[in-house]
Amino acid sequence: YENTFLIVDRDECWILETAGREWAAKQVKTKQGISNCYSIRQEMDMLSENAAKIAKEKRWLAPDEPFDFAKAYSGRLVGQSFGVPRFRRLNKLLAQKDAHDFDSLAQILRDHFDDEIISPRFGESAGTFKSICMHMHDWGDSETSASLLARCDDTLGIIARYAPGQPCLSAYIPVYMVGKLPEKLQTADKLFDKDSLWWQMKLLSLLVAVNEQAFAIFPHLSRFFLNFSFI
């Protein structure tokens with residue numbers, strides 16, 4: 001699967017980018033976001049054995065050009081045209097604060113170029129531009145299906161907040177990575193299921209999307225969500 005991944009434990013964070021059987025990896029030392037585009041250029045810490053050789057043989061870079069993983073392997077991938085603006089927007093918002101918490105990160109993941117380009121004319125949930133939170137406009141489009149925020153705590157282990165739906169129309173609820181996963185968190189098939197947390201949230205999201213300005217008041221939505229019948 002040709003994409004970008006975060007690999008994280010309590011002590012380290014790495015970005016891994018894959019292209020077929022070739023890959024590059026870089027250890028993250030400061031704030032950094034990824035999207036559906038390659039971001040590792042010449043500063044990788046690890047590289048698959050044949051990545052540079054293949055790029056040279058395929059003439060993906062000029063003969064005297066330093067090896068650049070992202071430039072060599074991006075090519076004409078259609079998804080890059082959507083991933084790059086999201087990547088730039090994400091890192092711009094991350095850089096606006098020295099440190100983030102769940103609330104500030106949730107706001108970033110709900111972003112629709114708020115107050116920039118053309119301010120949302122029909123409500124943020126209209127998804128006029130493909131920002132960090134994505135909405136489907138046509139059958140061939142992609143959209144954000146769920147969202148997870150997580151951090152490591154010395155006492156509690158992994159603490160997470162889960163939004164089972166598009167972030168701008170969902171509430172982030174607490175999730176603790178211990179014990180057995182509740183059955184209602186395990187089901188989300190292609191057809192509506194009243195016993196599925198994801199499908200219940202999808203239904204709520206569709207109702208909120210009718211008038212985002214009126215209904216998507218997130219603190220109140222969160223309280224309502226926690227009292228919903230599937231909890």
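**Briefing on the predicted model**

In this model, which is predicted rather than determined by experiment, the side chain of Glu-17 makes a polar contact with the side chain of Thr-4 at 3.2 Å. A polar contact of 2.8 Å also joins the side chains of Glu-17 and Ser-39.

**Glu-17 and its surroundings**

- Glu-17 is placed in strand S2, and because its relative accessibility is 0%, under the 20% limit, Glu-17 counts as buried.
- Not counting residues up to four places away in sequence, Glu-17 touches Asn-3, Thr-4, Glu-22, Trp-23, Ala-24, Cys-37, Tyr-38, Ser-39, Ile-40 and Phe-69.

- Once its neighbours within four places in sequence are left aside, Ser-39 is in contact with Glu-17, Gln-32, Ala-70 and Phe-87.
- Of these residues, Glu-17 is the one whose side chain has been described above as making a polar contact of 2.8 Å with the side chain of Ser-39.

**The four-stranded sheet**

- Strands S1, S2, S3 and S4 form an open sheet in the order S1-S2-S3-S4, and the pairing is antiparallel.
- Strand S1 (4–8) and strand S4 stand at the edges with a single partner strand each, which means that one side of each has no neighbour in the sheet.
- Strand S2 (residues 13–19) pairs with S3 in the antiparallel sense over six bridges, and Ile-15 stands opposite Lys-26 in S3.

**Helix H5**

- Helix H5 (residues 197–209) has 13 residues, and the distance from its first C-alpha to its last is 18 Å, close to the 18 Å expected at 1.5 Å a residue.
- At the start of H5, a side-chain oxygen of Ser-196 comes to within 3.3 Å of the backbone nitrogen of Trp-198.
- The buried residues of H5 are Leu-197, Trp-198, Trp-199, Gln-200, Met-201, Lys-202, Leu-204, Ser-205 and Val-208.

**Salt bridges**

- The count of salt bridges comes to eight, and one of them joins the side chains of Lys-202 and Glu-143, at 3.0 Å from N to O.
- Lys-202 lies in helix H5 and Glu-143 in the loop between helix H4 (102–109) and strand S5 (147–153), so this pair ties together parts that are 59 residues apart in sequence.
- Within this pair, Lys-202 is buried because its relative accessible area is 16%, whereas Glu-143, at 29% relative accessibility, counts as partly exposed.
- Asp-153 forms a salt bridge with Arg-151, and the closest N and O atoms are 3.5 Å apart; Asp-153 is buried, with a relative accessible area of 18%, while Arg-151 is partly exposed, with a relative accessible area of 42%.
- Asp-195 forms a salt bridge with Lys-194, with the closest N and O atoms 3.6 Å apart; Asp-195 is partly exposed at a relative accessible area of 40%, and Lys-194 is exposed at 54%.

**The chain as a whole**

- The secondary structure of the protein comes to seven helices and seven strands, and from the N terminus on the elements run β-β-β-β-α-α-α-α-β-β-β-α-α-α.
- Of the 231 residues of the protein, 38% count as buried, and the protein exposes about 14,500 Å², of which carbon and sulfur atoms supply 55%.
- Among the contacts in the protein with a separation of 6 or more, 45% are accounted for by residues 24 or more positions apart.

Key
Residues numbered from 1 in each chain as written. Predicted model: local features only at pLDDT ≥ 70, side-chain atom pairs only at ≥ 80, totals over all residues. Heavy atoms only, no water. Helix = DSSP H or I, 4+ residues; strand = E, 2+ residues; numbered from the N terminus. Expected span 1.5 Å × (residues − 1). Buried < 20%, exposed > 50% of the residue type's maximum accessible area, 1.4 Å probe, protein only. Polar contact = N/O pair within 3.5 Å; in protein donor to acceptor, adjacent residues only side chain to side chain. Contact = heavy atoms within 4.5 Å. Pairing = 2+ DSSP bridges. Salt bridge = Lys/Arg side-chain N within 4 Å of Asp/Glu carboxyl O. Areas by Shrake-Rupley, 256 points an atom, 1.4 Å probe, with all protein chains shown as cover.
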